[in-house]
Amino acid sequence: MSDTKIEITANQPEQRELRYEPQRIEEKWHARWEADPALYAAEPHTSKRKKYYVLEMLPYPSGALHMGHVRNYAIGDALARFMWMSGYNVLHPMGWDAFGLPAENAAIKNNVPPKDWTLRNIAHMKSQMKRLGFAYDWSREVATCLPEYYKWNQWFFLKFYEKGLAYRKKSRVNWCPECATVLANEQVVDGCCWRHEETQVETRDLEQWFVRTTNYSDELLAGLDKLEGWPEKVRTMQRNWIGRSEGALVDFKIDGVISATDKITVFTTRIDTIYGATSIQLAPEHPIVAELVGNDPHLHSKVEDLVREQNRARESGDVGAIEKHGVFTGRYAINPFNQEKVPIWVANYILMDYGTGAIMSVPAHDERDYEFAQKYGLEARIVILPRRTGQPPAPGEPEPPVLPYTEKDSLLINSGPFSELSNQAAIEKMTAHAEQGGFGKRTVTYRLKDWGISRQRYWGTPIPMLYCEQCGVLPVPEKDLPVVLPDNVDITLSGGSPLGRVPEFVNAKCPKCGGVARRETDTMDTFVDSSWYFYRYTNAHLADRPLDTATVDYWFPIDQYIGGVEHAILHLIYSRFWTKFMRDLGMVHHDEPATRLFTQGMVIKDGAKMSKSKGNVVSPDEMVAKFGADSTRMYALFATSPDRELDWQDAGVEGVHRFLGRAYRFVMRNAGVSGKTSSGNGAGSASSSSVLSPKARQIERKLHQTIKRISEDFQGRWHFNTSVAAIMEFVNQLYAAEDEISGGKFPPTLLAHVQRRLVLLLAPFAPYLAAELWELLGESENILRYPWPAYDPALAKEDEITYAIQVNGKLRSHIVFPADTPEDAVRERVLSDEKVRAATDGKQIAKVIVVAGKLVNVVVR
């Protein structure tokens with residue numbers, strides 16, 4: 001850097017305080033940053049800079065941050081700082097997913113109104129985030145529990161209703177007879193109420209509000225192929241959740257008339273196996289089950305047991321692993337292909353939310369059906385064989401395949417006129433036969449169901465609908481939004497929705513006839529709040545509409561979204577649905593909310609996920625008080641790669657604290673050379689490499705290698721642990737050169753250059769220390785806006801390279817080569833090496849494999 005200006009401070013004290021005191025440093029800069037509200041503010045959407053929108057999923061204000069939060073936010077914050085320094089106009093906001101059941105529980109436990117509890121928690125968690133140095137634009141803060149936000153939840157609901165996407169229907173819910181109210185799934189523990197541990201939870205049909213997410217099923221599925229910046233694991237989870245299945249609907253008539261219902265419609269993807277159906281299986285919640293069971297109390301009790309077993313399996317999150325149980329209804333259905341009567345069973349492994357909630361059970365060719373049939377002695381009839389067999393086995397020929405045989409590449413047997421067809425040909429012909437006979441049709445089904453948004457809760461967005469005896473169900477007029485959630489409501493979690501006991505809320509005027517109307521007392525699912533919040537950040541306080549299209553067009557899609565994989569399905573599917581709906585309203589002009597998604601690994605301690613119940617929660621406040629915010633957040637990035645589980649170790653934070661102390665002391669001891677560069681982020685050296693000592697050249701090379709490594713980590717693989725490790729290695733080399741520095745043998749121009757680059761490299765990971773050292777070096781410009789350093793590939797190149805030498809994969813030697821040695825010369829030198837010759841003596845050399853810059857493997861016979 002030939003135009004670097006060096007200034008030696010003459011009156012600098014000979015002795016400096018070299019002890020690293022993070023509390024003193026961080027409190028100083030925390031106060032300065034607090035006094036500058038525009039510090040992290042994004043430029044308006046008219047900016048000519050290239051934009052970068054980085055976002056971490058907003059938290060629920062439970063009371064205090066935990067280390068899972070810290071890790072998530074440290075990742076996003078480091079990226080935001082890097083992008084600021086790379087010249088981007090960065091949007092990095094934060095808000096609060098503030099509605100939800102825990103606030104109601106806390107209200108009962110602590111006798112505190114949910115609003116007070118929530119806002120108090122927000123204030124505390126916000127102060128923690130600020131102390132940790134997270135660079136959020138707080139002018140864009142949103143809290144979903146405030147009317148200025150949830151007004152627009154209600155506005156969107158009216159748009160759904162207007163477009164025919166919001167509707168009411170009866171739906172099964174968990175009901176506690178003791179509480180006389182609906183329970184959320186998480187409130188059902190081992191089939192019982194979480195508050196009344198011996199009270200069995202029932203299922204009831206209640207009128208609920210739904211949103212037609214299924215109208216977008218195909219588009220949600222197809223869009224996943226375009227989300228190349230999302231983890232494949234997440235895309236696979238969403239594909240499975242949407243669950244598109246091509247198959248057929250087939251009607252099995254019920255033998256004997258029991259009611260107006262005379263048939264059971266099953267969905268199958270394998271109509272080619274229908275001749276092997278030996279029973280019909282119904283989900284316990286299938287509507288026809290009640291008719292089949294009738295007034296038989298014994299059967300009714302058995303079915304209720306199956307419902308409870310299925311609910312418990314849902315609680316554990318693995319219905320597929322349920323121990324299979326069932327009950328025979330005593331009734332039969334008729335297979336329309338062969339007119340055979342098959343028994344009708346109710347089984348706990350059949351789900352109402354897949355297909356029609358009814359299947360034809362083919363034990364010989366389905367693993368779950370086979371397990372069930374073995375348990376209850378049902379026939380397993382073989383109707384397909386491997387294609388290589390092709391015919392029923394004759395005496396002396398191989399036995400039929402091991403059951404259950406489920407391969408699709410097969411031929412049919414025992415299937416009437418369809419025998420000897422390949423399974424694919426049979427599927428086509430048998431489906432056509434069902435359609436021609438009027439007892440079936442081809443169809444596509446989805447596991448994805450419409451979104452039930454009704455909650456019989458207080459602390460949520462009121463659903464803006466009215467009920468008038470004269471006019472029926474009516475939407476609240478837009479001019480009357482928001483429908484405000486009343487304060488000081490008596491919350492007992494019993495007797496239905498708390499809002500139903502507030503006359504001043506319930507009683508309303510019909511907007512059509514002017515008569516008496518009743519408000520809807522259900523509130524919205526909190527996933528509504530989090531489905532579009534990232535759009536609100538772009539104009540957080542806009543009063544007349546939820547968003548400004550021009551501003552959204554500038555900022556969207558989100559460039560990088562960061563959060564836990566536990567949100568891979570519901571939150572991300574609902575937010576993708578919401579984006580597509582807004583696009584269809586003309587509010588936005590893109591199809592997906594985020595271009596890239598990163599799911600960080602969870603933080604564990606003592607082998608388990610951190611939780612209060614396990615007593616293994618580590619408070620960030622404790623770590624900050626003991627080691628400082630920089631050490632705490634840097635350890636969260638250094639301990640392992642961000643996508644893997646982090647096993648928290650307090651000793652690891654202490655180790656990072658010691659490293660930051662080393663960096664601090666090096667700059668403090670050598671800050672007497674305080675050069676100011678005028679070449680911004682230029683990649684060149686501050687001194688001519690041709691006149692550098694070997695030690696100085698080594699430092700210069702290591703600097704450019706470190707810049708290259710960290711830049712590539714930010715721009716690609718996100719291995720921030722190796723980024724921090726690279727800075728640690730660089731500091732170690734600086735310490736090794738201190739004798740040369742103190743002896744005046746190290747060019748002061750290079751030293752000034754190196755120190756400034758070191759501080760810039762620290763800035764995304766340890767912002768407090770970087771700001772302190774930046775000022776110490778005489779810089780007045782905000783380091784957050786200072787250009788990120790560039791590297792020179794020529795200066796980063798090694799002069800010499802050490803090759804590992806192997807013979808048949810076994811290490812035999814190491815040889816140092818000049819970096820520009822041709823491959824032929826490498827081979828020649830290796831084969832002449834004494835150790836290699838000894839290992840290959842008397843053997844034939846088959847080939848010599850050279851992995852450039854790393855190893856040579858001599859293959860011998």
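**Close-up views of backbone features**

At 54% relative accessibility, Glu 420 counts as exposed (over 50% relative accessible area, where under 20% is buried and values in between are partly exposed, with a 1.4 Å probe and protein chains only). The structure is a predicted model, in which local features need pLDDT of at least 70, side-chain atom pairs count only at pLDDT 80 or more, and totals for chains, interfaces and linings use all residues. Residues are numbered from 1 along each chain as its sequence is written, and side-chain values use heavy atoms, with hydrogens and water left out.

**View A. Glu 420 has a positive phi.** Although Glu 420 is not a glycine, its phi is about 75°. Glu 420 lies in the loop between β15 and α11 (423-437); helices (H or I, at least four residues) and strands (E, at least two) are DSSP runs, numbered from the N terminus.

**View B. Gln 339 also has a phi that is positive.** The value is near 60°, in a residue other than glycine. Gln 339 is placed in the loop that runs between β11 (326-334) and β12 (341-347). Gln 339 is exposed, its relative accessible area being 54%.

**View C. Leu 403 and Pro 404 are joined by a cis peptide bond.** The omega of this bond is about -5°. Pro 404 belongs to the loop between β14 (384-386) and β15 (410-412).

**View D. The peptide bond from Phe 556 to Pro 557 is cis.** Here omega is near 0°. The loop between α14 (549-555) and β24 (560-564) contains Pro 557.
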